Amino acid sequence: MDIKSKNYHRLAAIIIALVIFLPSLAMMFIRPHYISRQKEEGQISYSNTDLMEQLVKDTYVLYAEEYQREHGSDVTPFEIFFQRDTSAENSETQEPSSEEGSSDAGSSEETANEASTEPAASEGTSEETYEDDISSIADDFQSNLYSQWSEDFSAIRSFIEYEVLDSSGTTLDTNQSLADSQESLYDSLDNIQTNSVLNTDSGYAFVAVIEYGKKGNIESTTFLTHEKDNSSQALNELARSDPGEYLRDYYYYSGTFQPPQDRIYCFAMTKTALETYSDYDPSILYANSGYDTTADLVVLFMTFVGFVCAAAFLLPFIKVLETGNEKIFSYPFEPVCLIALCVVSVAASVTANPGALDHQSIRSVLISIGLPETVATVIQYLWGLLGWVLIFAVCYWAAACFRHIFTMGLKEYLQKRVLIYRFWPWITKWCRRIYQGLLHIDLRDNASRVLLKLVLINFIILGFISLLWYWGLAALIIYSVILFLLLRKYVRKIQDQYQLLLQATNELAQGNLNGTIPEDLGVFEPFREEIDKIRTGFRKAVDEEVKSTKMKTDLITNVSHDLKTPLTAIITYVDLLKDPNLPAEDQKKYIQILDQKANRLKLLIEDLFEISKATSKTVQLNIVDVDIVSLLRQVKLELQDKIEATDLLFRWHLPEEKVILPLDSQRTYRVFENLLVNITKYAMPHTRVYITMEDTENHVKISMKNISATELNFNPSEITERFVRGDASRNTEGSGLGLAIAKSFTELQGGRLEVFTDADLFTVEITFLKP
């Protein structure tokens with residue numbers, strides 16, 4: 001049973017080998033022989049080939065070479081063909097000629113320089129703009145047009161015979177020494193033709209003559225072959241074409257192309273040279289002629305490919321062969337597809353190009369090292385056969401691998417044979433991460449890293465597409481559609497996020513300071529923090545405005561109360577004094593009360609002026625070096641009567657040495673005075689008051705601590721506001737401006753005044769920085 005199975009395996013291997021070998025053998029013999037037969041039977045219609053245009057451009061190259069030999073190689077082709085002096089030509093000066101070339105060199109160069117600085121007049125603003133940059137036009141002409149003419153002539157130069165003559169028939173340039181001819185080509189024209197057709201015994205395949213007049217006009221063209229046709233007329237039409245049309249269309253350049261003048265150009269190619277050249281570059285001779293093998297050979301090749309693929313699909317159905325499930329046919333989809341596409345693309349391009357592999361390089365090398373021609377030819381054919389076998393083997397292998405799509409089912413094939421499917425979760429996760437990364441780009445950071453990543457990904461994708469040859473266009477279309485859909489989705493997401501941002505800003509603009517942005521803002525996420533800052537700032541500003549409004553209301557109320565109280569007393573006692581029967585003792589008492597109330601009203605008004613100037617920062621400070629220890633002791637002495645009138649025990653802890661600070665002594669005195677007076681008014685009797693001064697390297701801190709007589713139920717930060725008093729009932733003496741004035745004067749001098757409370761302990765700290 002095993003022997004029988006092995007025999008069937010051998011039979012399957014033989015059948016597969018034949019399926020691959022027979023099309024390979026057919027392509028190896030059919031292609032080269034079919035191309036050779038087409039060459040032999042096909043009549044070349046020269047008027048329909050690129051050879052005509054090639055010969056015309058060759059005249060330009062030969063003329064430029066001659067001109068540069070006469071006038072120096074530094075003369076550029078652009079100067080030769082576009083900016084030569086035409087005035088000299090009108091005076092019948094032949095340029096260049098063998099007799100007069102040297103005498104005209106100087107004038108020609110001067111003319112070229114003048115022409116380069118004075119381009120031909122143009123019509124319209126656009127033409128003037130382009131003609132200002134003659135150098136770019138010259139570079140384009142020389143790099144795109146003339147360089148191509150020169151390369152094409154270099155390729156045909158070794159195959160063609162040419163002569164350059166002047167109007168008198170003098171030969172100026174020729175390569176006829178290569179042909180061993182005793183007579184010039186131009187002189188032998190009459191001997192090698194009969195009725196405008198080359199003689200049958202002539203060794204030339206064609207002879208062409210192009211004659212230019214004094215002004216570069218075409219005087220005559222001749223194209224002789226072994227068949228009578230319209231080639232001379234076709235050559236004449238091509239010779240009259242204007243190569244400068246490209247510059248006029250692209251640059252609006254108005255300069256005129258100057259073809260050769262007073263020159264006759266003769267070209268000829270022998271039959272042997274033509275055959276060799278047609279092998280070297282068949283496109284120039286057969287591009288537009290009846291010789292076209294592309295369609296036939298490609299159809300034949302694709303037929304063989306279809307045959308091999310069909311065999312790969314059908315042979316496994318023959319059960320006894322037991323083929324189709326070999327390990328070699330179990331490769332993943334992606335590498336099989338890539339290899340098959342590349343191999344078939346290369347094979348199709350070779351099949352479609354008649355000139356491909358026609359040089360038989362291996363055969364030539366083997367003959368050159370001494371192998372017999374027959375052996376070299378056999379090796380060349382075997383090499384070609386090996387190449388075709390490899391191509392059709394790949395086709396069979398790929399088709400056998402793809403066959404499992406039908407045997408396994410699409411779902412199972414995707415799971416087991418498609419690499420992308422296996423890595424799809426990772427790929428989608430990676431793509432989703434990149435997509436989310438784009439949606440959450442922090443606009444505050446440098447985005448170069450993200451952009452570099454995107455460029456590299458795009459480079460990899462386009463690089464892979466470029467490997468797909470002809471199928472790359474379809475892949476590029478698919479990639480462009482996918483990219484469009486992704487970008488559209490990305491832009492729509494950005495637009496949605498932008499709408500959320502606009503909604504949040506509109507709510508803020510309408511005064512909604514408590515709104516939130518519940519959704520993700522993506523690339524606009526950094527604006528969430530900024531909007532929160534704006535919302536916080538607005539809320540703080542509103543709170544400050546509310547507080548300011550309340551303070552203004554309280555200010556009016558408190559000022560009215562504090563002004564009304566002494567004013568009412570003054571009015572009352574003035575009315576009492578109007579009584580003529582009032583005793584003298586009562587009069588004296590009432591006058592003392594009036595004086596007391598008037599002084600209180602005066603002090604209140606003065607305090608109002610002081611706090612107003614301090615708040616508006618219009619106080620003129622007189623900064624001098626002040627011994628702050630001595631100043632505080634002076635305030636102590638001035639208020640000694642008030643201090644002694646209380647039952648308070650003052651504990652002074654001041655430095656023994658001087659502490660000098662740049663201050664306004666009058667305003668600083670007022671600060672200390674207000675604070676000490678405040679203590680005498682509101683401190684609890686029979687308690688201690690601690691006044692200390694701390695002198696450090698950077699600052700001086702004065703601290704005043706006392707126990708309040710009333711409960712400290714106010715906000716310490718508000719006690720220094722105007723008309724705010726610890727006595728809410730406002731029954732005690734005072735305007736409520738003392739602490740406000742002290743704080744304002746301290747801050748005007750660069751200091752800081754802070755109030756702290758701890759139960760009933762009231763503390764005021766004044767800090768001055770040292771310069």
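T351 is in contact (heavy atoms within 4.5 Å) with M27, R31, L297, V298, F301 and W388, its neighbours within four places in sequence being left aside. The model is a predicted one, in which local features need pLDDT of at least 70 and side-chain atom pairs count only at pLDDT 80 or more, while totals for chains, interfaces and linings use all residues. Residues are numbered from 1 along each chain as its sequence is written, and side-chain values use heavy atoms, with hydrogens and water left out.

## The setting of T351

T351 belongs to helix α13, which spans residues 333–352. Helices here are DSSP runs of H or I with at least four residues, and strands are runs of E with at least two, numbered from the N terminus. T351 has a relative accessible area of 0% and is therefore buried. The classes are set as follows: buried means under 20% relative accessible area, exposed over 50%, and partly exposed in between, with a 1.4 Å probe and protein chains only. The side chain of T351 also reaches the backbone oxygen of A347, at 2.7 Å. This falls under the term polar contact: a pair of N or O atoms within 3.5 Å, where, within protein, one must be able to donate a hydrogen and the other to accept it, and residues adjacent in sequence count only if both atoms are side-chain atoms.

## The chain as a whole

The protein chain contains 27 helices and 14 strands. It has 771 residues, of which 38% count as buried. Among contacts with a separation of 6 or more, 72% are between residues 24 or more positions apart. Accessible areas come from the Shrake-Rupley method with a 1.4 Å probe; for residues, only the protein chains shown count as cover.

A salt bridge is a side-chain nitrogen of Lys or Arg within 4 Å of a carboxyl oxygen of Asp or Glu. By this rule, ten salt bridges are counted.

| Pair | Closest N to O distance |
|---|---|
| E65 and R157 | 3.0 Å |
| R69 and D173 | 3.8 Å |

R69 in helix α2 and D173 in strand β2 (residues 171–174) link distant parts of the chain, 104 residues apart. D173 is buried, at a relative accessible area of 17%. E65 and R157 form a salt bridge at 3.0 Å. Because E65 lies in helix α2 and R157 in the loop between α7 (134–156) and β1 (161–166), this pair ties together parts that are 92 residues apart in sequence. R157 is partly exposed, with a relative accessible area of 26%.

E53 and K57, in contrast, are four residues apart in helix α2, so about one helical turn separates them. E53 is partly exposed at 38% relative accessibility, and K57 is partly exposed at 22%.

## A nonpolar surface patch

L462, L473, L476, I477, V481, F484 and L485 make a nonpolar surface patch of about 630 Å². Patches consist of residues with over 30% relative accessible area and no salt bridge; like charges are joined within 9 Å, and nonpolar side chains (Val, Leu, Ile, Met, Phe, Trp, Tyr) within 5 Å. Helix α21 (residues 472–509) provides the largest share of this patch, six residues. L476 lies in this helix and is partly exposed, with a relative accessible area of 36%.

## Cysteines

The structure holds zero disulfides, a disulfide being a pair of cysteine sulfur atoms within 2.5 Å. C342 is in no disulfide, and the nearest cysteine sulfur, that of C337, lies 9.2 Å away. C342 is partly exposed, with a relative accessible area of 24%, whereas C266 is buried at 0%.

## Positive phi values

N195, a residue other than glycine, has a positive phi near 55°. N195 occupies the loop between β3 (193–194) and β4 (197–198) and is exposed, at 62% relative accessibility. H686, also other than glycine, has a positive phi near 65°. The loop between α26 (665–682) and β11 (688–695) holds H686, which counts as exposed at 64% relative accessibility.
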